[in-house]
Amino acid sequence: MTHLDSKRLPRFGPGKVLAAVIGLVAALSLGAVGEAHAAPVPQPVSTADRWTDQPHGFASLAGGTTGGAGGKVVTVTDQASLAKYAAAEEPYVIRVKGSIAVEPFGSNIVVGSNKTIIGVGDTGEIVHGELHLDPGTHNVIIRNLTIRDSYVEGDWDGKTQDFDAIQMDTVDHVWIDHNRLTHMGDGLLDIRKDSQYITVSYNQFTHHNKAFGIGWTSNVQTQITIDHNWFTGTKQRNPSADNCAYAHLYNNYLSAQVADGDPVWTYGNWSRGRTRMVIENSYYDGVQHPYQADATAELVQRGSILKNTTGRHDEWGTAFDPREFYDYRLDPAAAVPALVKRFSGPQRQIGDSVTLHVPADYPTVQAAVDAVPDGNDLPVTIAVAPGTYREKVFIPASKPKIVLQGTGHDRSDTVIVYDTPAEYGGSTGSATVRIAANDVTARNLTFSNDFDEAAVELKGEQALAMKTTGDRIVFENSAFLGNQDTLMTDSPKLTTLSRVYIRDSYIEGDVDFIYGRATTVIEHSVIRALSRGSTTNNGFITAASTWKGNPYGFLITRSRVVSDAPAGSFHLGRPWHPGGEPDAVAQVLIRDTELPAAIKAAPWTDMGGFSWKDARFAEYRNHGPGAAVTADRPQLSDAEAASYTVAHYLNGPDGWAPYDRR
């Protein structure tokens with residue numbers, strides 16, 4: 001089967017793109033260059049990779065850091081559940097929803113290998129407790145959390161209790177990203193004892209004495225990337241890096257340092273022991289000893305801005321070249337304060353959805369669906385890499401709020417296909433993909449049933465590419481390939497409202513290839529009516545079975561029907577009464593759509609003893625060689641058409657408006 005590549009109407013002109021860039025620069029309020037080490041003139045700052053779920057820097061090397069990828073997704077709201085899943089042997093993606101108060105005060109939550117712990121939205125937090133990684137732990141991601149308030153009053157130096165926010169000993173491959181760590185009992189973040197392949201990015205370290213320490217060993221093994229963090233209201237260890245093989249610090253912001261007159265232990269970055277440290281394009285505002293190095297260590301600094309700083313500004317040795325290890329993008333130092341204030345710490349854009357990658361982490365699309373928890377109440381994106389996936393996929397009603405996202409350049413790059421006809425399992429059993437859940441979106445994908453109806457003789461040659469029964473289903477830039485019964489949009493029962501919105505997509509078939517009882521809008525799309533070789537009857541585009549109490553069945557609008565069938569050989573539709581159900585009274589409106597010469601002059605026809613004239617078929621302002629106004633082609637008046645818009649079809653009792661999302 002062949003189909004058209006994605007061709008969508010442009011929705012944003014060049015003026016809007018330019019305005020967006022200018023607006024971003026203004027929003028970041030890029031400041032003036034500071035006292036020393038003048039940075040390049042600030043350039044527009046991209047937000048493209050601020051929300052990526054793929055680690056960068058040293059955590060991306062030597063096999064990378066994937067956390068709980070490949071495991072099930074769970075949502076926790078209490079300490080017992082968090083502790084259970086964090087310490088489990090198998091991989092988990094653990095979503096922390098709301099605030100979890102840890103008891104006894106200052107206790108550890110032990111985190112095992114192959115875990116992702118991520119805050120939901122920007123409100124997930126752990127209070128009075130520590131995330132602790134024991135020796136040998138590997139492959140851990142901690143993101144988008146606030147960890148706070150295990151400070152012991154009067155113990156400013158943290159000498160009585162070791163209540164860190166996050167502590168790890170002799171671990172490897174850990175990514176600490178977009179967290180807020182504040183007001184704890186000892187250190188905010190302690191990375192100790194030969195831990196390796198660590199990245200610490202976009203975090204906020206606030207309201208504390210000892211912010212971030214690395215080391216506690218005489219070995220020179222730790223490789224660490226530290227970027228886009230905000231240290232504010234802290235005193236020391238911002239960070240302190242002891243005997244690190246490679247410490248790469250860039251685009252960090254140090255401000256509002258605690259000012260207690262201490263001439264030694266109030267400082268910014270410290271390269272200690274035999275550490276090799278590189279600092280790039282950071283911003284120091286009101287910092288004592290912004291960067292310093294032991295005589296045995298090395299420190300290279302370039303491109304940073306110093307404002308109202310005093311004390312040591314050490315630079316000696318050659319350290320290392322970070323680009324020999326990985327690629328990275330430097331933001332201009334002058335942009336760092338506004339950028340880090342905006343993007344560091346927990347972010348709703350990160351915690352609102354978890355992304356499961358196919359096949360990188362889950363071998364099949366169905367395996368990723370199976371990883372989504374029953375009763376899921378938070379969006380989960382299943383990112384499907386380009387390729388052909390020969391499998392059947394079922395999203396049960398118990399797994400709502402899934403986004404199926406093809407990651408290729410075009411929808412034809414990512415194909416989910418199978419070849420079952422209705423002869424084997426009925427029409428439902430033939431479907432390559434079935435969606436029974438509510439609130440499912442699919443983008444940039446092709447769904448196909450490549451059963452070859454011409455190759456065999458069967459009684460049941462219907463072969464569905466897609467069947468939906470859920471409500472609030474969206475398809476964007478998707479393709480549906482098949483012959484008979486390609487796309488069925490249905491509902492759990494006749495009187496139940498289910499809505500489907502299809503935009504910028506492609507649908508092909510021959511007999512009844514868009515059918516069912518769901519309220520369905522097809523907008524800005526291409527519908528290809530395939531020829532079966534007949535000169536008189538090649539098929540039917542629609543076969544609606546709308547409940548008689550539902551005024552809105554199928555709407556095809558602002559679209560294009562194309563066909564290679566002979567002129568006058570294709571019907572627009574016929575009324576389907578499943579099992580002879582008299583209350584299934586088809587409603588179909590085709591409006592503002594181009595029709596080809598293949599469309600019959602009398603385009604509606606009877607089905608199963610039911611007359612098309614008893615159904616609710618109509619057209620409005622169609623055009624093209626197949627469009628006409630005759631007695632056999634009911635037309636809406638302008639006044640009637642005003643009540644049959646996309647909004648009227650989809651809004652329903654909850655005001656659903658997917659057409660407003662761009």
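## A tour of pockets and cores

Start by selecting β5 (115-119), β8 (138-143), α4 (348-351), β27 (354-358) and β28 (380-384): each supplies at least two residues of the lining of the largest pocket. Helices (H or I, at least four residues) and strands (E, at least two) are DSSP runs numbered from the N terminus. A pocket is an open set of points on a 1 Å grid over the protein atoms alone, with protein on both sides within 12 Å along at least five of seven lines, and lining residues have an atom within 4 Å of a point.

You are looking at a predicted model, in which local features need pLDDT of at least 70 and side-chain atom pairs count only at pLDDT 80 or more, while totals for chains, interfaces and linings use all residues. Residues are numbered from 1 along each chain as its sequence is written, and side-chain values use heavy atoms, without hydrogens or water.

Stay at the pocket and colour β27, which gives the largest share of the lining, four residues. Now show Asp53, Gln54, Arg143, Thr355 and His357, the closest to the pocket's centre of the 27 lining residues.

Next, select Leu356, Ile395, Phe447, Phe475 and Ile541, which touch the most other members of the largest nonpolar core, a set of 62 residues. Such a core joins buried (under 20% relative accessible area, 1.4 Å probe, protein chains only) Ala, Val, Leu, Ile, Met, Phe, Trp, Tyr and Cys residues through side-chain atoms within 4.5 Å. Helix α5 (residues 365-371) gives the most to this core, with four residues. Finish at a second, separate core of 55 residues, including Tyr92, Ile94, Leu188 and Phe231.

Terms used
Buried means under 20% relative accessible area, exposed over 50%, partly exposed in between (1.4 Å probe, protein chains only). On a 1 Å grid over the protein atoms alone, a cavity is a set of points where a 1.4 Å probe fits but cannot get out, and a pocket is an open set with protein on both sides within 12 Å along at least five of seven lines; lining residues have an atom within 4 Å of a point.
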